[in-house]
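Open the model in your viewer and colour it by chain.

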Amino acid sequence: MKKMVIGNQAIAYGALAAGIDVASGYPGTPSSEVLAEILAFSAKNEKAPYVEWSTNEKVGVEVAAAAAWAGKRALATMKMSGINVASDSVLSLAYSGTRGGFVIYIADDPGAEAGMPEQDSRVFAMWAGLPVLETTSPGQAYEMCQYAFELSEAIELPVILRSVTSVSHAQELLEADFAYHKLDREANFDRDIFRFTKAGAKICLDQHQALLDRMNKAEKLVHEKGMNRIGEGDGTLYAIGVGNVIPYIQETIKGVSGIVPVYMESSYPLDRDLIREVFKKAEQIVIFEELEPVAEMLIRSEANKLGFKGKIFGKIDESLPRVGKYSINEIKKGYALLKGESPEAPDKAGSISVKHPITFCTGCPHRGSYMAINRALKKTKLGKKETIVTGDIGCTILGMNPPFDSCWTEVSMGSSIGLAQGFALAGMKNPVVATIGDSTFFHAGIPPLVNAVQHRTDILLIILDNGWTSMTGFQVNPGTEVSFQQNEARRVSIDKIVQAIGVDAFDVIHPFEQDKAVEVISDFLMKKGVRVLVSREECALTKGRREPFEKTYDIDPDKCTFCRACLRETGCPALAVRPGKEKQRMWIDPELCVGCGLCETCCKFDAIHEKRS
Amino acid sequence: MLKSIFLTGLGGQGVVTFAKILGAYASELGNKVSTFNSKGMAQRGGRVTSEIRITDDPSLEFGSRLAHGGADVLIGLELGESANSYSFVKEGGLVLLLNYKYVPTPMVLKKEEYPEMDAILDMFKEKTDKTFGIKEGQTPHNIFVLGVFASLLDKFPDVLPSFSAKGLRESMEKNLKRNLEENKAVFKKGLEYTF
């Protein structure tokens with residue numbers, strides 16, 4: 001069967017072909033579609049693996065790890081930041097190794113297209129001591145995912161399957177059976193504290209040696225598999241491509257004479273036998289890899305050890321960039337370096353450009369929450385410029401942009417709360433506010449809230465609860481309505497958790513009921529202690545997919561004075577300048593308006609009114 | 001042959017559907033096709049892009065992303081995003097822009113002037129003569145511009161070898177799920193558009 005799939009879907013089907021029993025993960029671009037596809041598969045097929053969106057990546061890894069210890073094949077998925085969250089466990093799991101195949105899928109984002117640090121997760125693999133298998137296309141990823149499970153079982157060690165946005169979201173025709181090849185295994189696990197615990201120096205040192213032995217075995221097996229290979233060509237000029245840059249070499253090398261391509265589909269541990277082959281004939285080498293010079297450092301190390309006298313071009317000698325993603329242009333530059341030619345000047349941006357800043361979707365409840373916060377800061381005379389509002393990861397961070405200009409900081413999942421505490425006890429004059437989403441609160445917001453209560457720090461936390469993990473594609477989280485949960489999962493109450501922790505004040509507000517919301521936020525701003533508000537209303541997009549919106553709003557051009565207060569306060573995408581050549585007036589696009597009514601609360605001229613459909 | 005097409009616009013204009021139709025057609029012609037859609041900010045007022053790469057050589061491996069100066073064809077459904085995509089066009093490539101402006105909030109508030117299509121077309125003419133601007137389109141923007149593009153395929157058969165207006169129309173009809181009659185009519189209007 002042939003189907004158009006993106007890289008992430010191909011990986012999902014690879015895992016199903018490998019017969020996984022458990023799949024876990026936390027949503028994160030560009031990795032989310034892997035678990036989403038397995039979840040969709042399990043909804044339609046009686047025979048399917050167990051699959052869950054875990055509360056965070058650390059829990060997800062632990063769930064998968066234990067299933068693998070019990071002899072089953074397990075997959076844990078995450079974006080690049082997720083490995084940071086899971087790292088404490090992964091470092092320890094590397095020492096213990098695995099029994100059933102355990103693949104950790106990490107999706108990096110060279111070029112930072114998903115708005116997070118373009119960290120190179122392979123550096124973590126070096127830290128942990130885990131092999132990294134790279135992906136280069138959806139078709140190759142489908143095969144590589146299956147091999148990852150085989151390798152993991154052969155060396156009894158978790159294996160990192162690594163992708164980047166350009167592969168995860170590339171769409172190609174894949175030929176496969178798209179079926180689940182369930183393995184017939186019984187769960188079993190024997191007690192062995194020398195392998196599965198860490199308490200004791202000898203235990204740890206023995207495990208460390210075992211890990212190194214496993215990595216040496218991985219290097220040997222990967223070399224024998226032949227995924228790292230020297231391509232066709234003669235001469236002394238070599239171009240080594242690591243991971244997803246390989247197809248850019250493949251598409252350009254035919255037009256270039258005198259350069260021998262080398263393709264490395266695994267980046268760690270270094271395939272030293274292959275590199276020794278390269279050193280035999282090479283006089284000049286260029287190394288292409290995105291982000292950090294991981295393979296490059298190892299290759300230069302090996303060159304040094306073996307006394308290779310040739311020239312190596314890469315990032316360490318500043319020939320090639322370290323920031324951003326690679327394209328054919330970087331490959332062509334590398335060829336020019338090898339040949340001693342001047343590289344082509346890169347194409348420049350045009351002289352005309354227009355910025356379209358991103359903001360909340362039409363009808364987003366977070367718009368109401370940040371509007372209410374700003375109005376409360378004005379009402380209490382505390383002032384927007386003098387009052388720190390810490391932000392967190394997800395759709396809520398869009399409050400940092402105009403016209404709200406609300407969030408001042410964004411660090412990592414759940415950091416808004418701890419940062420708010422730090423600002424408060426540093427002695428900031430004004431009250432400090434933290435904002436966080438519902439999924440993020442479950443992921444990482446509970447420990448810092450406990451911290452604030454225990455240490456009696458004065459902060460106001462506003463949990464913006466839209467009922468879904470939206471930014472990453474509307475996944476469920478523990479707080480999602482029970483009727484939308486999958487596989488009979490239960491709902492966990494944010495309100496009960498917050499109150500159980502023992503905060504000093506708690507209330508629930510509705511972001512579209514501006515007057516009440518502003519009143520309550522103003523009141524809470526002036527209190528002392530740990531105060532928590534939940535601003536609750538469903539995400540407009542998930543709601544809109546189920547039911548039509550009941551009403552829209554309309555602007556009367558006779559009453560509108562074009563003061564633009566509505567746009568200035570809401571920044572709503574549905575607000576535009578009335579089309580046509582008449583006097584300039586504001587206008588609401590009926591195709592976009594979902595009837596939240598926030599614009600109406602801004603108009604002093606009574607020009608905006610509800611229109612029932 | 002290895003051809004690269006860069007599509008851009010804002011969320012809601014149908015960029016991804018446009019790419020799907022082109023990709024499906026290219027595939028039906030026996031080509032190997034890769035499509036990369038960047039649509040995360042579609043609902044949030046942000047840019048949407050689709051990068052399509054097509055080859056008639058089934059053994060050719062190629063990367064999914066276009067390089068600057070790598071697009072044989074650039075089609076822009078929103079004027080500002082078209083201008084922002086200037087660096088992707090190849091010298092001598094085909095450029096087709098729709099004169100639709102989404103004026104961002106800061107521009108409305110500061111009463112700034114949005115660049116005019118003629119100025120943007122002049123900028124693209126520095127790289128290629130094959131620059132076309134659609135003064136006024138119809139909704140759905142993607143289907144209308146698809147029709148205009150189809151007419152250019154017949155006019156410039158070297159741009160995407162073996163692509164034809166007729167073939168593209170047939171493929172569109174096969175791949176659209178909703179509002180087929182309305183879309184057929186809008187496509188026809190696009191096909192008949194004179195510059």
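Two strands count as paired if DSSP finds at least two bridges between them. Keep that in mind for the last stop; the model is a predicted one.

Start with the whole interface. Select the 43 residues of chain A and the 45 residues of chain B that make up the contact. Together the two chains bury about 3,700 Å², and 59% of this lies on carbon and sulfur atoms. Next select Ile352(A), Val354(A) and His356(A): this trio supplies 19% of the area that chain A buries against chain B, more than any other three residues.

Now turn to the polar side of the interface. Between chain A and chain B, 17 residue pairs are in polar contact, both residues at pLDDT 80 or more. On the side of chain A that touches chain B, 19 residues are nonpolar, 14 polar and 10 charged.

The interface holds 3 salt bridges. To see a salt bridge, show the side chains of Glu113(A) and Arg65(B), which meet at 2.6 Å, N to O.

Colour the secondary structure of chain A next.

The strands run antiparallel, joined by 2 bridges. Which residue of E2(B) is the bridge partner of Gln171(A)? Select Thr35(B) to see that partner.

Notes:
Residues numbered from 1 in each chain as written. Chains lettered and ligands numbered in written order. Predicted model: local features only at pLDDT ≥ 70, side-chain atom pairs only at ≥ 80, totals over all residues. Heavy atoms only, no water. Contact = heavy atoms within 4.5 Å. Buried area = accessible area lost by both parts, 1.4 Å probe. Salt bridge = Lys/Arg side-chain N within 4 Å of Asp/Glu carboxyl O. Polar contact = N/O pair within 3.5 Å; in protein donor to acceptor, adjacent residues only side chain to side chain. Nonpolar A, V, L, I, M, F, W, Y, C, P; charged D, E, K, R; others polar. Helix = DSSP H or I, 4+ residues; strand = E, 2+ residues; numbered from the N terminus.
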